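Dear colleague,

After it come my notes on what was found, which I hope you will read with the structure open beside them.

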Amino acid sequence: MTALDVPAVPAVSARRRRVRVTPAFYYTVAKASVVTQFQYRAANYFYMVGMVTEPVVYLVVWTTVARAQGGSVGGITPGELAAYYIVWTLVRNMNIVLTPYAWEERIREGRMSGELLRPVHPIHYDIAFFAGWKVPVILMWLPIGGLLALLFHPSTDVRPLEVAVFAVAIWGAYLIRTMFMWVLGLLTFWTTRVSAIFEAWFTAELLLSGRLVPMSLMPDWVRSVAMFTPFPSSFGFPIESLVGSRSTGELLRGLAVQGLWIAVGAGVVSLTWRFAVRRYSAVGN
Amino acid sequence: MARVPRRPGRRSRARGIAVAWTYLRLAVLVEIQYRVNLVVQLLQSAVEVGTALAVLALVFSHTGELGGWSRDELLVVLGLHVLLGGLVATFVQPNMTRLMTDVREGTLDFALLKPVDTQLLVSCREVNVWQLADVVIGAVIAGTGVARVGAVDAVDALAFTAAVCCGVVLVYCTWLVVTTGAFWMVRMDSVTELFDGLYQAGRWPVTIYPGWLRVGLTVLVPLAFAVTVPAQALTGRLTGVTLGVAAGFTAVVVVVTRWWWGRGIRRYDGASA
């Protein structure tokens, strides 16, 4: 693949331990990913359509509750719920990154050996690859979002600033999730019975991120707990930046919190990576 | 160990059932070697059921009833959903996954060569016995719900038994119909994933869904008959007409599945084995 021949180690920097990651590296890997994923259109589509069940179920349940309560639940009308869960489907797709379960395979099959030989930190490859994948995903999402809008009549008024913040926030969410999924995946270097930890994490994420239900419908104590986790920044915040009615200050503060979590995640990744990689020993190729 | 009847004069159906029974026993024996898996399974079930109960609590912190169903009645629905999902994961799903692999790799030859009904054989080669944990947990939840809703009389219990039998058969048939598609399209994994996602919708009574979706969840994925109708029987809202429709629909689906399976198997030409 062309991704491999990007920054061949230049002779001058022999003293430097690591090659600087260039935009060209990102561009090449992402482009290869776009081309690859367009080949698997049908499989990608089945996957995306299957994913729509989850928000539709939530939407129907909460719409039923809102109707029974005389038109709104916690101040949210069925139209606003529809808007929330339709944008949900796009944010959910942006949230798809390398699953921590993939680390088991990487380690078991000795594939890390090849990755370690590369002159750049392997996380750059993952970030670029999945970022490229998002291009076909966003394109294929458009008809799904349109169809859902026809079926469920969302209502929201969107300011240009909200669109701009949303466009940034979905990528912030993508980076946050990449970092924390990487840290989870790295646990595989210490133990192979990781599925219980992963499942606990995913459950916490489901309840605290706004994936299950808009955070304003959660009890107060759940919201306070969630504030100290990266979860709302990677799910609820991007959705509500577009469909909610937040002030400019709140929107910018949300982006800043995202930046903070990306930084924290990157710090934990680099620290964990340093210890994890020492535990790696390849069997086979 | 396999006590396949040796007498040649016996009817082939009886022999088929004996063979199936041996296969089932063998599959269970293989699986119970891995006892740590029970702990893993229990943890996973606990997390899943705990989440479902939390969602139920959250919904009912905002409302007193959901589409005419009370909280305890929804416990019955949730319990039956978990129970049925456990049955599928124990007996149906592993067999269908293996069937798909066999078709792709041409190893279905070995099943076809045996002198018993192939549909019977491919449906009982694998048992994921630890998933029975979900059956137990689901039964406990549903039982709790029933106890809190109030008395269930003998007629309700009978109707429930009939409805559950229809539901189990329907779910098995749907899985087999989807899997039989593997004879035409080699890659069916994403389709089963889609089906799995749709099954999650059955956690709530199908009556709350908008019309077009309710039709889909009744005809395409038989969630209405598999979960909602048995739950109706236990909460005293099942009419004879609904039960009759469920039984009739099941009979039709069984016949169609048998025919479809026959067509699929004729398409098969062992690529290599």
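Helix 3 (residues 71-105) and helix 10 (residues 223-234), both of chain B, pack with their axes 9 Å apart and at an angle of about 135 degrees, and they are therefore oblique to each other. Please keep in mind, here and below, that this is a predicted model. The crossing of helix 3 of chain B and helix 10 of chain B is right-handed. On the side of helix 3 of chain B the contact is made by B:V76, B:V77, B:L80, B:H81 and B:L84, and on the side of helix 10 of chain B by B:A226, B:V227, B:T228, B:P230, B:A231 and B:L234. Sorted by class, the residues of this contact are nine nonpolar and two polar, with no charged residue.

Helix 3 and helix 10 of chain B also come up, together with helix 2 (36-62) of chain B, as the elements against which the buried residues of helix 6 of chain B pack. Those buried residues are B:A133, B:D134, B:G138, B:I141, B:A142, B:G145 and B:V146. An α-helix has 3.6 residues a turn, so residues three or four places apart point the same way. Helix 6 of chain B (residues 132-149) has 18 residues and reaches 26 Å from its first C-alpha to its last, close to the 26 Å expected at 1.5 Å a residue. Just after helix 6 of chain B, B:G150 takes a positive phi of about 135 degrees.

Turning to how the two chains meet, the contact takes 27 residues from chain A and 25 residues from chain B. On the side of chain A that touches chain B, the elements giving two or more residues are helix 2 and helix 8 (195-208) of chain A, and the largest share, 14 residues, comes from helix 2 of chain A. By class, that side of chain A has 18 nonpolar, seven polar and two charged residues.

Helix 2 of chain A (residues 41-68) packs with helix 8 of chain B (residues 189-199) at an angle of about 5 degrees, their axes lying 8 Å apart, and that makes the two helices roughly parallel. In this pairing A:A43, A:F46, A:Y47, A:V49, A:G50, A:M51, A:T53 and A:E54 of helix 2 of chain A meet B:S190, B:V191, B:E193, B:L194, B:G197 and B:L198 of helix 8 of chain B. The contact of helix 2 of chain A with helix 8 of chain B has eight nonpolar, four polar and two charged residues. A:R41 is also found in helix 2 of chain A, and A:R41 counts as exposed because it has 11 C-beta neighbours inside 10 Å.

Within chain A, helix 12 (residues 248-276) has 29 residues and reaches 41 Å from its first C-alpha to its last, close to the 42 Å expected at 1.5 Å a residue. Its buried residues are A:L251, A:G254, A:Q258, A:W261, A:I262, A:G265, A:V269 and A:A276, and what covers them includes helix 6 (122-152), helix 7 (160-186), helix 10 (231-234) and helix 11 (236-243) of chain A.

In helix 7 of chain A lies A:V163, which counts as exposed with 11 C-beta neighbours inside 10 Å. A:V163 and A:S241 are 78 residues apart in sequence and 7.9 Å apart in space, C-alpha to C-alpha. Leaving aside its neighbours within four places in sequence, A:V163 is in contact with A:V158 and A:L242.

With best wishes

Conventions
Residues numbered from 1 in each chain as written. Chains lettered and ligands numbered in written order. Predicted model: local features only at pLDDT ≥ 70, side-chain atom pairs only at ≥ 80, totals over all residues. Axes fitted to C-alpha atoms, helices over the stretch in contact; angles between N-to-C directions. Helix = DSSP H or I, 4+ residues; strand = E, 2+ residues; numbered from the N terminus. Parallel < 35°, antiparallel > 145°, perpendicular 65-115°, else oblique. Contact = placed C-beta atoms within 7 Å. Nonpolar A, V, L, I, M, F, W, Y, C, P; charged D, E, K, R; others polar. Left-handed = near helix turned anticlockwise from the far one by under 90°. Expected span 1.5 Å × (residues − 1). Buried ≥ 20, exposed ≤ 12 C-beta atoms within 10 Å, placed from the backbone.
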